[in-house]
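Please take the sequence and the model below together, and follow the chains from their overall build to a few local details.

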Amino acid sequence: MKQLGIVGQSVKRRDGLGHVTGQTQYVDDVFYPGMLWLRMVRSPVARGAIRRIDTARAEALPGVVAIVSAGDVPNNWYTILGLIGVGPPDEPVLAHEEVMYQGEPICAVVAETEDIANEATSLVKLDIEELEPVLDVEYALNAEAPVIKKWGSNTFIYDGMNHRRLRFGDVDAALKQADFVVDGTYRLSPIEHVPLETHCCVVKPEPDGRLTVHTNTQALYFSMDNTAIILQCPSNQLRFLGGTVGGGFGGKVDVITEPVTCIAALKTRRPVKWRWTRREEFQNSSTRAGVKMEYRDGVMRDGRIIARKVRSLQDAGAYHRHSPYGAQKHMANVGGPYSIPNVWADVYCVYTNRQPSSAMRGFGVMEASFAIEVQMEKIARTIGMDSWELRMINAYRNGQMRPVRKVVEDAALVETLQAAAELAGHELPAHLRAMHSNDTGEQTGNHAYGGGGSRL
Amino acid sequence: MTRVRGRGIASVNYPTGMNLGGDPTQALIFCQPTGSFTVKLSSTDLGQGLKTVIGQIAAETLGVPLEGVIIDTGDTDSAPHCMGTFASRATHRVGNAVIMAAEEAKRALLEVAADEMEAAPQDLVVENGEVHVKGSPDRKLSVLDVALAAHFKYGRTISGRGIFLKPKGGVDPETGACDPDSTEAHATAVAEVEVDTETGEVTVLRLFGAYEVGRQVNPAMVEGQIVGGAVMGMGHALMETVFPYYPAQDHHTSSFGEYIVPTAMDAPQIETVVLEYPSSNGPYGVKGVGEMTANSPVPAIVNAIYDAVGVWVTDLPVTPEKVLRALEDKDRALSGS
């Protein structure tokens, strides 16, 4: 590798001093004279039909300036995945007919102080007919479960199918041929991103009619373009400012604060701030998806994995957010960093009456890696092989074909295993130390079962 | 003895860039009269240090000192589009866009310098903020002088435009065939744990990580990602859930009182090594390292627990309660047989 100049040097980060001395300006540090505060009225139930929203007492509270309800939203649909061509839209910005999860936004109160706004939210009277929620992904797929999505299914529909599928080689034949079959069921429960900086948005209406939007989104144009669609205005009426975020981890690409705050600013013609509490961050912001994965691997006595069959259920919660994309990414990664000639997967993006899950650090892949790597350990224990050797025998090499039918170009798993062994003080035998990602697999034999086209 | 130790390993790959592509990023660069370069972006720094590594890439390509590069990001009125900071894409996408913009700006710089120095542009190089003739380091002109001449003598711009896009690909609905990444990074983790068989508590003693991330732009910040990710992965493996009785919604967490994240006191000894095998399409061979660092510690810890006490707890997080129940089931199975 060619030595470069400044690239490759551990120079000090430019914003580090500001961060650690509390001088960096985050969105919550933005104040405008006359700024109003927004708080959200949220659904108390996991699933229900909205009969009536009575805001009279809240509006009468001194200091309350406006209520923002579904009727104030020009295009009352979240469109985040629509922007990259995935639909149909399924999530209202503010609920008006039904609520699909506990904590779903129903209407916003805008007031002179945050305390008044908080008090006013408790004065909004909700009449909601509670319905049976669907909370479990297996139950959601059951024919007896209530169907909670308008398109008549509790799953996302990929190209006319209720799951995303992977078909590579002949898995059933290979499983019959295998010396051992190793099964595992893996579950993750939803977790939070826990950024230090909670969601926050400040919107200032400018004299020329434009809106200046301070936001801690991870994606400024993406959030701006989505907001413009919801506001039904040209995006040149919006100016999004940000670029410095106190932790995102995927949790700040949902465009979850900007549209309502913009509408509140337009309605009141005053600057408005909406900052989320830690409680909202835990209970209302999207999570990593809960996942259930069933893996079945077919293995030969010599350690070669010849087949993998996967059924995976991703708990999207009530709405898409980024979960259909995460399930697609999961499908693309069930082979992991190994050369497996026969792979079969059905990955379901399942809807439940739970706070939506969405993007989170490595989503789709992280979950697959968890299942794959515990499977590897189970396989090693089952066939009585050293687990370093098992991984090195099966590690993909450059030039091999992955299950998604992409040729491996940048392989280096073998090398990380060798380096990790050295770092941890585990001595590998000579034949494993001699392996590398450009070897042709002769000494490993991992091409021998090329039924699925694992060899070019 | 109630404390039992075990060791587990786990290997992962991780894709760089949005699944299936279709996620462009642009950069604009212009030279100020005094020879500083401003890089205009709308990309977000999440705390991972994007502004710093992009400054390094711009300085490297332009041939100017890092201090002479200003990274200006975060205003849609004044900077072009970026898809966003996610999918381990920022250094790869933004870096490529910045190299493209910097090369155009450098060509403009060299054309002005060529006129000033009465040389051919292709015979000139920029190093350490100076333009000189290849092979003749004494025939030189500072970038400052070239910039002044461009502005006030020739009336020429020194600027550049850059974009990176991997066009969006499709998925074969029947087979799943697709192109899901620009490149893949790799890692192997080794976890050493101690399991208390009376309380079910798991303590992570040491985590080792060997990462292959293409070329590193800033090794200290790569290490920062790896260490931060390792602790996050540890929380995922052992502590965190917003629904402790998932799928039931009881005891939905609402504060740090119930939702436990690892803190400095929980962090184990972490040792890392980084291998550099440059990717073919990353800026100077970069691969994404952001997301993957939380991934390998999770199964490594679960495997280490098995190594210690012989139970598979494959329902995350591995709480003390789950460990104790698994140990009870194991004892019951043993005494029953």
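Predicted model: local features only at pLDDT ≥ 70, side-chain atom pairs only at ≥ 80, totals over all residues.

Chain A has 456 residues, of which 57% count as buried, and its secondary structure comes to 13 helices and 15 strands. Its C-alpha atoms fill a box of roughly 80 × 65 × 35 Å along the principal axes. Among the contacts of chain A between residues at least 6 apart in sequence, 79% join residues at least 24 apart.

The two chains meet where 93 residues of chain A are in contact with 98 residues of chain B; on the chain A side, these comprise 45 nonpolar, 25 polar and 23 charged residues.

Strand 3 is joined by four bridges to the antiparallel strand 2 (residues 25–31) of chain B, with B:F37 as the bridge partner of B:C31. The hairpin made by these two strands has five residues between them, and B:G35 takes a positive phi near 90° there. Strand 3 of chain B also pairs with strand 4 (residues 69–73) of chain B, here in the parallel sense and over five bridges, and B:K40 stands opposite B:D72 of strand 4. Together with helix 1 (residues 50–62), strands 3 and 4 of chain B make a right-handed β-α-β unit.

Further along chain B, three strands form an open, antiparallel sheet in the order 5-6-7. Strand 5 (124–127) and strand 7 (136–142) of chain B stand at the edges with a single partner strand each, so one side of each is left without a neighbour in the sheet. Neighbouring strands of this sheet are turned by 35° against each other on average, direction ignored. Strand 5 pairs with strand 6 (residues 130–133) of chain B over four bridges in the antiparallel sense, and B:V125 stands opposite B:H132 of strand 6. Helix 3 (residues 143–154) of chain B lies across strands 5, 6 and 7, and runs at about 50° to strand 7.

Notes: Residues numbered from 1 in each chain as written. Chains lettered and ligands numbered in written order. Buried ≥ 20, exposed ≤ 12 C-beta atoms within 10 Å, placed from the backbone. Contact = placed C-beta atoms within 7 Å. Nonpolar A, V, L, I, M, F, W, Y, C, P; charged D, E, K, R; others polar. Pairing = 2+ DSSP bridges. Right-handed = clockwise from strand over helix to strand, strands pointing away. Axes fitted to C-alpha atoms, helices over the stretch in contact; angles between N-to-C directions.
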